There are 2 protein chains.
Amino acid sequence: MFDDEYFMKQALQEAQKAFNKNEIPVGAVVVSEQRVIARAHNLTELLNDVTAHAEMQVITSATNVLGGKYLTDCTLYVTVEPCPMCAGALRWAQLSRLVYGASDEKRGYSTISPFLLHPKTTVTKGVMANECSELMQTFFKNIR
Amino acid sequence: MFDDEYFMKQALQEAQKAFNKNEIPVGAVVVSEQRVIARAHNLTELLNDVTAHAEMQVITSATNVLGGKYLTDCTLYVTVEPCPMCAGALRWAQLSRLVYGASDEKRGYSTISPFLLHPKTTVTKGVMANECSELMQTFFKNIR
């Protein structure tokens, strides 16, 4: 039951919250020992802050819960491929595993450099990719 | 009088504050129209948060002051070359000009990818580089 789809659905719920606030709909959760320990969604518009990506907030939140700086035994689920800023943050956090839904060919970290993540971080991509990218497409259709 | 050295000295004062708190001594200021509108220093240990680099905090702080998400008419002074996370954040903020002191051959953004910054950001490096790197070297000598 607690598979990647299960946790990606939780991240999608966060993305939906962003969507409902007219934010670019990206959501993320951090999972440790099969349990969601932190959740966040993009708040760049509301906070007027380019650093308020879902991943950045969920890193801060998860490390607060764990009482340490590192996410060495955690999996981070995010609906869209992280940008270089977020990938750089995940490197500092020494994330164990990254799972993302939709790829971002234009702004995703892997287009710029696959070496932005920590060398020990394993990556799974494409989990519920259609649902994740449909939410993005609907958002950008609505604002055009 | 208000030249790059003048503002780098302000960033160095921030770095010294980090040093005094046993934080890796990096300081940053954002300048708009010859005026310092935000200052910050690294607080990753105190906040237990890998995202609490001087640059990340000073971006958030400066955009709060300006009431917008962008630093299109600003110069950011930082004592050490930004890492990829911070360079990625500066890209989102569309920073006009970056000035840094010491280069970071191991973890600096330019080693990983010079394309992490916004294409319109101009870069000046090496301003008070000796002072900036001496503070770092003293810090790392002390903790060994």
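Author: Buried area is the accessible area, taken with a 1.4 Å probe, that two parts lose on being put together, summed over both. The model discussed here is predicted. By that criterion, chain A and chain B bury about 2300 Å² between them, and 65% of this lies on carbon and sulfur atoms. On the side of chain A, the residues that lose the most area to chain B are A:Val50, A:Lys69 and A:Trp92, which together make up 32% of what that side buries.

Reader: How many residues of chain A and of chain B are in contact?

Author: Contact requires heavy atoms within 4.5 Å. Under that cut-off, 27 residues of chain A touch 27 residues of chain B.

Reader: What makes the pair A:Glu45 and B:Lys69 a salt bridge?

Author: The rule asks for a side-chain nitrogen of Lys or Arg within 4 Å of a carboxyl oxygen of Asp or Glu. For A:Glu45 and B:Lys69 the N to O distance is 2.6 Å, and the pair therefore meets the rule. The pair crosses between chains: B:Lys69 is in the loop between helix 2 and strand 3 of chain B, and A:Glu45 is in the loop between strand 2 (35-41) and helix 2 of chain A. The count between chain A and chain B is two salt bridges, and over all chains it is six.

Reader: Why are B:Lys69 and A:Glu45 placed in their accessibility classes?

Author: Buried means under 20% relative accessible area, exposed means over 50%, and partly exposed is in between. B:Lys69 has 14% and therefore counts as buried, whereas A:Glu45 has 43% and therefore counts as partly exposed.

Reader: Which class does A:Lys69 fall into, buried or exposed?

Author: A:Lys69 counts as buried because its relative accessibility is 15%, against a limit of 20%. A:Lys69 is in the loop between helix 2 and strand 3 (74-80) of chain A. Beyond its neighbours within four places in sequence, A:Lys69 contacts A:Thr63 and A:Ala93, and in chain B it contacts B:Thr44, B:Glu45, B:Asn48, B:Asp49 and B:Val50. A polar contact of 2.6 Å joins its side chain to that of B:Glu45.

Reader: How many residue pairs are in polar contact between chain A and chain B, and which elements of chain A give two or more residues to that side?

Author: Seven residue pairs are in polar contact, with both residues at pLDDT 80 or more. The elements that give two or more residues to the side of chain A touching chain B are helix 2 (54-66) and helix 3 (84-92) of chain A. That side divides into twelve nonpolar, eleven polar and four charged residues.

Reader: Why is helix 3 of chain A called largely enclosed?

Author: Helix 3 of chain A is called so because seven of its nine residues are buried. The buried residues are A:Pro84, A:Met85, A:Cys86, A:Ala87, A:Gly88, A:Ala89 and A:Leu90. Their cover includes helix 2, strand 3, strand 4 (97-102) and helix 4 (109-112) of chain A, together with helix 2 (54-66) and helix 3 (84-92) of chain B.

Reader: What does the salt bridge between A:Arg97 and A:Asp4 tie together?

Author: The side chains of A:Arg97 and A:Asp4 meet at 2.6 Å, N to O. A:Arg97 lies in strand 4 and A:Asp4 in helix 1 (residues 4-20) of chain A, so the pair ties together parts that are 93 residues apart in sequence. A:Arg97, at 21%, is partly exposed, while A:Asp4, at 19%, counts as buried.

Reader: How far apart in helix 1 of chain B are B:Lys17 and B:Glu14?

Author: B:Lys17 and B:Glu14 are three residues apart, and are therefore separated by about one helical turn. Their side chains meet in a salt bridge of 2.7 Å, N to O. B:Glu14 is buried at 3%, whereas B:Lys17 is partly exposed at 39%.

Reader: Why is B:Asp73 called exposed?

Author: B:Asp73 has a relative accessible area of 66%, and exposed means over 50%; B:Asp73 is therefore exposed. B:Asp73 lies in the loop between helix 2 and strand 3 (74-80) of chain B.

How values were computed
Residues numbered from 1 in each chain as written. Chains lettered and ligands numbered in written order. Predicted model: local features only at pLDDT ≥ 70, side-chain atom pairs only at ≥ 80, totals over all residues. Heavy atoms only, no water. Polar contact = N/O pair within 3.5 Å; in protein donor to acceptor, adjacent residues only side chain to side chain. Helix = DSSP H or I, 4+ residues; strand = E, 2+ residues; numbered from the N terminus. Nonpolar A, V, L, I, M, F, W, Y, C, P; charged D, E, K, R; others polar. Buried < 20%, exposed > 50% of the residue type's maximum accessible area, 1.4 Å probe, protein only.
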